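Let's walk through this fold together, with the cut-offs laid out as we go. Please keep the viewer open beside the text.

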Amino acid sequence: MTSPGGRYSFDPGSPALRADPYPAFRKLRETEPMHWSDLGYWVASRYEDVRAVLMDRDGFGQGDFIGNIRMFYAPDFDVLGQSSYRWLSEVFVMQDPPQHTRVRALVTGALNARRVRDMAPRVQEITDHLIDVFMARGGCDLISDFAYRLPVMVMCDMLGIDQDDSRLPEIINAIAQSFIVFEPRTLSEAELTLANGEMDKLEAFFTDLFERRRREPRNDLSTALVEAGDGADALSTHELTTAVIGLFGAGFETTAHMLGNGMLTLHRHPEQWRQLRADPEGLAESTTDEVLRYETSLVATYRTAFADKIVGGVPVRKDQRVLTLIGAANRDPDTFTDPERFDITRQAARHMSFGGGIHFCAGAELARLEGRIAFSTLARRLPNMELDTASPGWREGFLFRGLSSLQARW
Ligand code: HEM
């Protein structure tokens, strides 16, 4: 986007960014690493600046939610009257301590390294089952038949949601449609109406799940969350519903895109796919981190300054917002050697794709486990897979970067 004065102004709604954001990221990093967008916020693109903002818990946080959203609308816009924005205002990723701390502790307890390790055999079983279903067909849509199904099944298992629940496809779609409220821009009336309706559906589905678990406890995370804390500390059904919509969505939307983006990138670099096929187990871990670095599925996040701060030599005033471009940080040559090269043997774990600081991704271990198992199993079981890499269909939206479909044959 170019402003009336002819100056470049970052616009996350630009179609060019959807097709390939990396040329714009590079230009920003090289020419204006702390860039002021006409949309009214700073855009940080260097690794050190992105990291500094996300790690500085005293200097940056979520701040005044209503004010931050009104920035994109009229000053009297009824933010909390929109169910999708009301949900966003209450979900813990958008909150500051102490509210954030209380819910995060519950969720990270459920996703600690030991529990995730124990999930490995089940994740392998689901992966093999999904491949068994389409193997004999000689082809599939890797996004709908695999990349979405794997993390959805893992999240359903974890929360105790019945895989055969006829409402599930609608719930998955509702996540995709309502998570548009994370986008740092004005939504059209149609987008907002759709997001609100889909959020209402999600709230009804998860409220029903928690009410059933209160009546009939089971051995699953939903029951554990209902039972966690006691007396004044226990979470209300509304608080649980809000948190779990976030957890469920974060648990599959980003992971599905990691798997899709990873397979696309591996096939755009056939020598890397060949290398993975030659040693699927040995290279599974570094492949997953390199995919996360090179083609992250969460391209950016944002923070509000709690006080006047200096970032990358630029003064950021109290209450101003900073969009931290994770995707740009991941290709910063000051941090990664030859960053535009996709190299599955690289030790890339320093990437910023799981964020940093107090909001560091609660599901990072699980996402890495799913990546390791999925990439190695596909390379082992479908080594002759060919993908239509020429014109992949990138989904709408800027923050969540992923494909709507990816045809595969073998
Ligand atoms: C490739 C997959 C994933 C990516 C790229 C990713 C990325 C991220 C990032 C960047 C954040 C920080 C957001 C911020 O600071 O504003 C985050 C937070 C979070 N992620 Fe993930 N995530 C992934 C998978 C998962 C999975 C599998 C789960 C759960 C099962 C999960 C649950 C969460 C939760 C609950 C938070 C909020 C943490 C907090 O606010 O304290 N994520 N994720």
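Two strands pair here if DSSP finds at least two bridges between them. Helices (H or I, at least four residues) and strands (E, at least two) are DSSP runs, numbered from the N terminus. You are looking at a predicted model, in which local features need pLDDT of at least 70, side-chain atom pairs count only at pLDDT 80 or more, and totals for chains, interfaces and linings use all residues. Residues are numbered from 1 along each chain as its sequence is written.

Let's begin with the sheet. Five strands form an open sheet in the order β1-β2-β8-β5-β3, and the pairing is mixed. Because β1 (34-37) and β3 (60-61) each have a single partner strand, they stand at the edges, and one side of each is left without a neighbour in the sheet. Further in, strand β2 (residues 41-44) and strand β8 (residues 321-325) run parallel and are joined by three bridges. Touching means contact between residues, that is, C-beta atoms, placed from the backbone, within 7 Å.

Next comes the interior. A residue is buried if 20 or more other C-beta atoms lie within 10 Å of its own, exposed if 12 or fewer, and partly exposed in between. A nonpolar core is a set of buried Ala, Val, Leu, Ile, Met, Phe, Trp, Tyr and Cys residues joined through C-beta atoms within 7 Å. The largest such core has 110 residues, and V50, V322 and L325 have the most contacts inside it. Helix α13 (residues 237-268) gives the most to this core, with 14 residues. Leaving out residues up to four places away in sequence, L325 touches F25, V43, A44, S45, V50, V299 and A300. In helix α10 (residues 168-178), the buried residues are I171, A174, I175, A176, Q177 and S178, and what covers them includes α5 (83-90), α11 (189-215) and α13.

Now turn to the ligand. Which residues come nearest to the ligand? Of the 25 around it, they are G251, G355, H359, C361 and G363; a residue is near if its C-beta atom, placed from the backbone, lies within 6 Å. Two or more residues of this shell come from each of α6 (99-110), α13 and α17 (364-381), and α13 supplies the largest share, seven residues.

Finally, some backbone details. Most residues other than glycine have a negative phi, and most peptide bonds are trans. The bond joining P97 and P98 is cis, with omega about 5°, and P98 lies in the loop between α5 and α6. D319, in the loop between β7 (314-316) and β8, has a positive phi near 75°. With 14 other C-beta atoms within 10 Å, D319 is partly exposed. D338 also has a positive phi, about 50°, and sits in the loop between α16 (326-329) and α17. D338 is exposed, since 8 other C-beta atoms lie within 10 Å.

Methods. Contact = placed C-beta atoms within 7 Å.
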